[in-house]
Amino acid sequence: MRFVVLTWQSYYNMFYKVSKMIKDFEIKVYSARVLENEPEKLSQALEEVKTCDLLLVYRSSQENFWEILEKEIKERKIKGKVVYLSHDPSFWTFSNV
C-alpha cells in the first residue's frame with residue numbers, strides 16, 4: 001500500500017520518522033511549508049496523491065497550495081481514500097472515509 005501524508009511543518013518530523021520505521025507500506029511525507037515554497041515538490045506530491053491508496057492531510061490555513069489539492073479532490077482525480085484533518089472542521093468534508 002502507498003500512503004501520502006501532507007502536514008504542517010511542526011508535525012513533519014514525527015510523520016517522517018514513523019514512515020522510516022514502517023517497512024510494510026510505502027509512505028511519502030511532505031511538509032506544507034516545503035510544498036508552498038518549492039513548486040517542483042508540489043508537482044511531485046500532487047502526482048503521488050493521484051495514485052496513492054491513502055492520503056492523510058493535516059491542513060493548515062496559511063499556504064495557498066491547499067486550493068490546488070482540494071480542487072483535485074473535488075474533481076475526483078484522487079483514487080484512494082482521503083482522511084482530512086484540520087483545526088477547522090469545515091475542511092473535514094474533503095474526507096471520503
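**Helices, strands and their arrangement**

Modeller: Keeping in mind that this is a predicted model, we can begin with helix 3, which lies across strand 1, strand 2 and strand 3 and runs at about 135 degrees to strand 1.

Biologist: And which strands does helix 4 lie across?

Modeller: Helix 4 lies across strand 1, strand 3 and strand 4, and its direction is at about 145 degrees to strand 3.

Biologist: How do helix 3 and helix 4 cross each other?

Modeller: The axes of helix 3, residues 39-51, and helix 4, residues 66-74, come within 11 Å and cross at roughly 20 degrees. Because angles under 35 degrees count as roughly parallel, helix 3 is described as roughly parallel to helix 4. The crossing in which helix 3 passes helix 4 is right-handed.

Biologist: Which residues make that contact?

Modeller: From helix 3 the contact uses Leu42, Leu46, Val49 and Lys50, while helix 4 brings in Ile68, Leu69 and Glu72. Sorted by class, the contact of helix 3 with helix 4 has 5 nonpolar residues, 2 charged ones and no polar ones.

Biologist: Switching to the sheet, in what order do the strands sit?

Modeller: The 4 strands form an open sheet in the order 2-1-3-4, with parallel pairing. Strand 2 and strand 4, the latter covering residues 81-86, are the edge strands, and each of them pairs on one side only. On average, and ignoring direction, neighbouring strands of this sheet are turned by 10 degrees against each other.

Biologist: How many bridges join strand 1 to strand 2?

Modeller: Strand 1, residues 2-7, and strand 2, residues 26-31, pair in the parallel sense over 6 bridges, and within this pairing arginine 2 stands opposite glutamate 26 in strand 2.

Biologist: Then how is strand 3 joined to strand 4?

Modeller: Strand 3 and strand 4 run parallel and are joined by 6 bridges, with leucine 56 having valine 83 in strand 4 as its bridge partner. Together with helix 4, strand 3 and strand 4 make a right-handed β-α-β unit.

Definitions and conventions. Residues are numbered from 1 along each chain as its sequence is written. This is a predicted model: local features need pLDDT of at least 70, side-chain atom pairs count only at pLDDT 80 or more; totals for chains, interfaces and linings use all residues. Side-chain values use heavy atoms; hydrogens and water are left out. Axes are lines fitted to C-alpha atoms, for helices over the stretch in contact, and angles run from 0 to 180 degrees between N-to-C directions. Helices (H or I, at least four residues) and strands (E, at least two) are DSSP runs, numbered from the N terminus. Angles under 35 degrees count as roughly parallel, over 145 as roughly antiparallel, 65 to 115 as roughly perpendicular and the rest as oblique. A crossing is left-handed if the near helix is turned anticlockwise from the far one by less than a right angle, and right-handed if clockwise. Contact means heavy atoms within 4.5 Å. Ala, Val, Leu, Ile, Met, Phe, Trp, Tyr, Cys and Pro count as nonpolar, Asp, Glu, Lys and Arg as charged, and the others, Gly among them, as polar. Two strands pair if DSSP finds at least two bridges between them. A crossover is right-handed if, with the strands pointing away from the viewer, the path from the first strand over the helix to the second runs clockwise.
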